[in-house]
Amino acid sequence: MNPRRRLLFVSSRYLFPTDSGGKIRTVNILRGMKGGAFDITLASPLPAGARTREPAETRDVCDRFIGWPGKARGVLFRWIRMRHLVSRLPIAVETDISEAGRRAVAKELEHRPDILVVDFPHAAVLAPPPYPCSGVIFTHNVEAEIFHRHAQIARNPLIRAIWRNQADKMERYERELLPRFTAVVAVADRDREYFRRNYRVDNVSVIPTGVDLGYFTYRESAELKEGEGGTVVFTGSMDWMANIDGVEYFMDAVWPAISRARPMARCVIVGRSPPRALVERARSRQLNWEFTGFVDNVRPFVHNADVYIIPLRVGGGTRIKVYEAMAMGSPVVSTRIGVEGLPVEPGRHFLEADSANDMAAAVLSLLDDRGRSTRLSLQARKLVEENMSAERAARVFEQICLQALRPANAAVASGASTGVPGAVR
């Protein structure tokens with residue numbers, strides 16, 4: 001029997017709790033790969049206040065964990081990080097630099113793993129190529145595209161200029177970085193085409209978005225009783241700009257029509273760190289809204305809701321929250337961007353609404369017609385069951401890593417190209 005190959009997986013953030021789509025996707029991949037073809041070492045910052053060098057939750061996703069003290073990010077972090085505007089690197093990348101992390105990863109690379117996986121382009125600043133082994137980069141989005149979209153919708157000229165500046169820097173960073181890896185992993189066909197068209201990167205493979213179907217079980221929504229307004233839910237990290245923009249848009253442009261038609265309707269926003277100003281805006285307007293903050297388990301909130309909304313105007317990659325909601329039986333109303341890159345059909349698996357009026361009408365139609373709501377949720381669950389299991393996604397990722405081990409790919413890992421940001425500051 002062949003010995004298991006050694007895989008070093010580098011992340012610039014601690015993966016627990018799994019309170020964002022990127023963390024959920026990464027944890028599902030690692031959990032599905034553990035015990036398979038690779039002996040996995042996970043390298044990441046330690047959580048704040050960690051009392052052990054190997055937290056218990058990491059044992060489910062790797063064979064060995066190495067960590068370093070993570071940077072404290074207080075309430076002023078969002079503003080302090082703006083000092084990096086003068087950097088050649090995008091702010092989002094510059095703030096992930098950790099000398100302790102670089103030393104820890106460099107020490108592991110001295111042991112010559114068979115393959116190194118970098119989680120998100122940001123993490124490459126902890127492990128600048130070239131490598132003494134094959135290298136795989138796991139791109140969850142086209143980061144530059146997200147920044148360009150923020151610039152497009154920004155109303156403040158100064159904010160728009162900052163987003164454009166960051167988009168240009170991120171585009172340069174991705175264009176110079178991605179070709180230096182043996183393999184690039186994308187989460188959507190459209191992302192692969194973007195990399196090929198804009199960055200001339202051809203070694204891109206796509207993995208399916210996986211959902212733990214045993215965890216996200218199906219539950220049909222109950223009939224609304226006379227006088228009940230119905231509950232609308234959104235889940236997502238509320239310290240991510242795209243989610244903040246989407247919730248603000250839903251509150252300001254969509255919710256008034258819903259509350260006029262159904263005065264008892266309520267909206268629940270589930271996710272960590274909602275901006276205080278946004279919570280106060282809902283309170284001052286006396287809206288029937290709830291911001292939960294961080295929760296250990298989103299399932300009760302989704303199961304108890306009547307409609308799941310994705311009002312995103314900015315985004316990239318694929319939104320794993322879409323499949324989780326569909327798996328749980330919650331009918332979905334989304335913008336086109338909210339389901340971008342997913343093989344879902346409007347009117348069959350979800351309702352698409354790109355204007356405020358259309359989104360309000362779609363939500364109200366599902367609250368009014370529970371038969372339609374049930375049909376939509378059943379068809380969506382069937383799609384996820386047949387195509388989107390977490391186990392399948394992990395197996396595809398593992399095969400990409402095995403393919404990257406082939407000697408014919410060694411030239412890419414040798415670092416023939418130059419100028420990768422992060423390699424020299």
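Which residues in helix 12 meet Arg 370, Arg 372, Ser 373 and Leu 376 in helix 13? Select Ser 365, Leu 366, Leu 367 and Asp 368 in helix 12, and you have them; meeting here is contact, with heavy atoms within 4.5 Å. Before going on, a word about what is on your screen: this is a predicted model, in which local features need pLDDT of at least 70 and side-chain atom pairs count only at pLDDT 80 or more, while totals for chains, interfaces and linings use all residues. Residues are numbered from 1 along each chain as its sequence is written, and side-chain values use heavy atoms, leaving out hydrogens and water.

**Stop 1: helices 12 and 13**

Show residues 356-368 (helix 12) and residues 370-387 (helix 13): their axes come within 5 Å and cross at roughly 105°. Helices are DSSP runs of H or I with at least four residues, strands are runs of E with at least two, and both are numbered from the N terminus. Axes are lines fitted to C-alpha atoms, for helices over the stretch in contact, with angles from 0 to 180 degrees between N-to-C directions. Ala, Val, Leu, Ile, Met, Phe, Trp, Tyr, Cys and Pro count as nonpolar, Asp, Glu, Lys and Arg as charged, and the others, Gly among them, as polar.

**Stop 2: helices 1 and 14**

Now select residues 21-33 (helix 1) and 390-404 (helix 14), whose axes come within 8 Å and cross at roughly 75°. Helix 1 is therefore roughly perpendicular to helix 14. On the helix 1 side, pick Asn 28, Ile 29, Gly 32 and Met 33; their partners in helix 14 are Ala 390, Ala 393, Ala 394, Arg 395, Phe 397 and Glu 398. This contact has 6 nonpolar, 2 polar and 2 charged residues.

**Stop 3**

Turn to the open sheet of 7 strands, with parallel pairing and the order 3-2-1-4-5-6-7; two strands pair if DSSP finds at least two bridges between them. Strand 3 (64-69) and strand 7 (204-206) are at the edges with a single partner strand each, so one side of each has no neighbour in the sheet. On average, neighbouring strands are turned by 20° against each other, direction ignored. Zoom in on strand 5 (residues 134-138) and strand 6 (residues 183-186), which run parallel and are joined by 3 bridges. Click Val 136 to find its bridge partner in strand 6, Ala 183.

**Stop 4: backbone details in the loops**

Phe 16 and Pro 17 are joined by a cis peptide bond, with omega about -5°; look for Pro 17 in the loop between strand 1 (5-11) and helix 1. Another cis peptide bond joins Pro 129 and Pro 130, with omega about 10°. Pro 130 is in the loop between strand 4 (115-119) and strand 5, and Phe 120 is in the loop between strand 4 and strand 5 too. Phe 120 is not a glycine, yet has a positive phi of about 75°. Is Phe 120 buried or exposed? It is buried, with a relative accessible area of 11% (buried means under 20%, exposed over 50%, partly exposed in between, with a 1.4 Å probe and protein chains only).

Note on methods: Parallel < 35°, antiparallel > 145°, perpendicular 65-115°, else oblique.
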